[in-house]
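Please view the model first.

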Amino acid sequence: MTSPDLDSLLPRLDALRATLARAVVGQHTVVEQLLIGLLAGGHCLLEGAPGLGKTLLVRSLGQALELQFRRVQFTPDLMPSDILGTELLEEDHGTGHRHFRFQQGPIFTHLLLADELNRTPPKTQAALLEAMQERTVSYAGTTYALPAPFFVLATQNPIEQAGTYPLPEAQLDRFLLHVLVDYPSEDEERQILEQTTGGATDAVPKVMDAEAVIALQAAVRQVHVSPDVLAWITRLVRASRPGEGAPAAINQWVKWGAGPRAGQSLVLAAKARALLQGRFAATREDVQALAAPVMRHRLLLSFAAEAEQKRADDVVAALLQAVPFPG
């Protein structure tokens, strides 16, 4: 991609961020990580208490992008065919000939909001695995390609446990980022009350189309990562696995560490953050800022960590301290 092309795309990226900032009060870090996931071509899992604007944020992103957007409310009775689609038996009234036609499900879209993903059984959760990794759907021996770009944004509520089905590690690993949505500050909460209890809100303008998103995703791949940063990311991911040579905190608190996909995700996320900030080289600050969102859902903590009330973010912080940037 040439410099003039990027010069025309980066202002649209700034406009997209500004549009989301007007639609959703606060949550600047969440918005940034959501855009990083979009630019890196990955999927995001948003986790937070009810009423923090997770669905509003994703819906606003879908409105700001000139992309097809669909929302699926995941429930315990949802079936895989409700997401992927199903075959319908049709009859040609002229000839009487019958044939099956595949009716595409809501997964055939650019931006899919999987709302409360952990409320559906594993059989239905697994229906997303191929789509998230391969960008295809296989049904009745036929493989169908999903539109590009394809982006899954899933939400889950960490508070309620009754009637939920925790996501298996294989599915969690498909998410580029695990984004935590926290409570707003006092000023932000006052703004929320003011904006949501008055008159009708303004419609979210469309500021970017599919062609621009695909071009920016290609530009992310061209962002430079120095050998030192790449070597550091490799050491971080490998040090997250307990065993001989691992940091003491990892051997104590981690039962199963991050795999190679975590390293791939951290490199792409760091590149996307650099481009989002108008830079064409990823730095160690990018890696430090995204280490927790990339790795927190890829670490299986031990009983000792649970007993000491250690979270995955505590483990990532200890990992960054134990494996500092060289030099």
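Is Arg-298 buried or exposed? Arg-298 is buried, with a relative accessible area of 7%; buried means under 20%, exposed over 50% and partly exposed in between, with a 1.4 Å probe and protein chains only. This is a predicted model, in which local features need pLDDT of at least 70, side-chain atom pairs count only at pLDDT 80 or more, and totals for chains, interfaces and linings use all residues. Residues are numbered from 1 along each chain as its sequence is written, and side-chain values use heavy atoms, with hydrogens and water left out.

Arg-298 sits in the loop between α13 (284-295) and β15 (300-301); helices (H or I, at least four residues) and strands (E, at least two) are DSSP runs numbered from the N terminus. A polar atom of its side chain lies 2.9 Å from the backbone oxygen of Phe-175 and one lies 3.4 Å from that of Leu-176.

In another part of the model, Leu-230, Ile-233 and Val-237 of α10 meet Ala-262, Gly-263, Leu-266 and Val-267 of α12, where contact means heavy atoms within 4.5 Å.

Two aromatic pairs are counted. Rings of Phe, Tyr and Trp (its six-membered ring) pair if their centres lie within 6.5 Å; planes under 30 degrees apart count as stacked, over 60 as edge-to-face and the rest as tilted.

| Pair | Centres | Planes | Class |
|---|---|---|---|
| Phe-108 and Tyr-144 | 6.4 Å | 85° | edge-to-face |
| Trp-232 and Phe-325 | 5.3 Å | 85° | edge-to-face |

Trp-232 lies in helix α10 and Phe-325 in the segment after α15 (312-322), so this pair ties together parts 93 residues apart in sequence. Trp-232 is buried at 1% relative accessibility, whereas Phe-325 is partly exposed at 21%.

Terms used. A polar contact is a pair of N or O atoms within 3.5 Å; within protein, one must be able to donate a hydrogen and the other to accept it, and residues adjacent in sequence count only if both atoms are side-chain atoms.
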